[in-house]
Amino acid sequence: MSIKSDLWIRRMAAQGMIRPFESGQVRSVEGRRIVSYGTSSYGYDIRCSDEFKIFTNINSTIIDPKAFDEKNFVDFKGSECIIPPNSFALARTVEYFRIPRNVLTICLGKSTYARCGIIVNVTPLEPEWEGHVTLEFSNTTPLPARIYANEGVAQVLFLESDEVCETSYKDRGGKYQGQTGVTLPRI
């Protein structure tokens, strides 16, 4: 197993692995500094779209992954999202991924957000999974936290196996296959 380089990421993106794709690091837009996104040495920095689901406890329901109540979220669309203290929001990537059968990805939050007490959680992208990635932003602070749409939020690392898996996510008929938009828990 090996971690894949920027050269490999660019080659695979040309074959449709990441859309839209940025071949280098974007650090400013129209002269304004942003949280960077695009290809790095051994990963790809993903962007957050402008679609958010902000957690609310206004209904005082129980969080149950087997019976998730959509009323636990407020939908929001905008260039910035404010996450309440000690709360979280869901979003999705701008990028749509098509993971090769012999590749697994792991994703880690960018240090810019981590240094502000904002944790980005993404589960591994499994072999032959495809879709927009659902992102979870946890605001661990006692203050409101801001997330910027269309800017970098996390880095995807690509791990290529020395052996192709027997059963891929697609083969299993994974419940999040082909997801678009911000996707809530499914059973």
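The legends below describe close-up views of a predicted model.

View 1. A polar atom of the S49 side chain lies 3.2 Å from the backbone nitrogen of E51. When residues up to four places away in sequence are left aside, S49 touches R92, T93, V94 and A149.

**View 2. The ring pair of F73 and F88.** Eight aromatic pairs are found in a search of the whole structure. In the pair formed by F73 and F88, the ring centres are 5.6 Å apart and the planes stand at 85°, so the arrangement is edge-to-face, a term that applies to angles over 60 degrees. This pair links distant parts of the chain, since F73 lies in strand β6 (residues 73-77) and F88 in strand β8 (residues 88-98), with the two residues 15 residues apart. F73 is buried, with a relative accessible area of 9%, whereas F88, with a relative accessible area of 22%, is partly exposed. Ring pairs also join F73 and F88 with F55 and F68 into a cluster.

**View 3. R47 and the ring of Y37.** The charged end of R47 sits over the ring of Y37, at 4.3 Å from the centre of that ring.

**View 4. I46 and the largest nonpolar core.** The largest nonpolar core holds 36 residues, and the members that touch the most other members are I46, F97, L135, F137, I147 and F158. Strand β5 supplies the largest share of this core, namely five residues. Not counting residues up to four places away in sequence, I46 touches T93, E95, F97, C107, L135, E151, G152, V153, A154 and V156. Another core, of five residues, lies apart from the largest one and includes F55, F73, L90 and L184.

**View 5. C116 in the loop between α2 and β10.** C116 is found in the loop that lies between α2 (111-114) and β10 (118-121). The C-alpha atom of C116 is separated by 8.9 Å from the C-alpha atom of T140, a residue 24 residues apart from C116 along the chain.

Note on methods: Residues numbered from 1 in each chain as written. Predicted model: local features only at pLDDT ≥ 70, side-chain atom pairs only at ≥ 80, totals over all residues. Heavy atoms only, no water. Polar contact = N/O pair within 3.5 Å; in protein donor to acceptor, adjacent residues only side chain to side chain. Contact = heavy atoms within 4.5 Å. Phe/Tyr/Trp six-rings, centres within 6.5 Å; stacked < 30°, edge-to-face > 60°. Helix = DSSP H or I, 4+ residues; strand = E, 2+ residues; numbered from the N terminus. Buried < 20%, exposed > 50% of the residue type's maximum accessible area, 1.4 Å probe, protein only. Lys NZ or Arg CZ within 6 Å of the ring centre and 35° of its normal. Core = buried A, V, L, I, M, F, W, Y, C linked by side-chain atoms within 4.5 Å.
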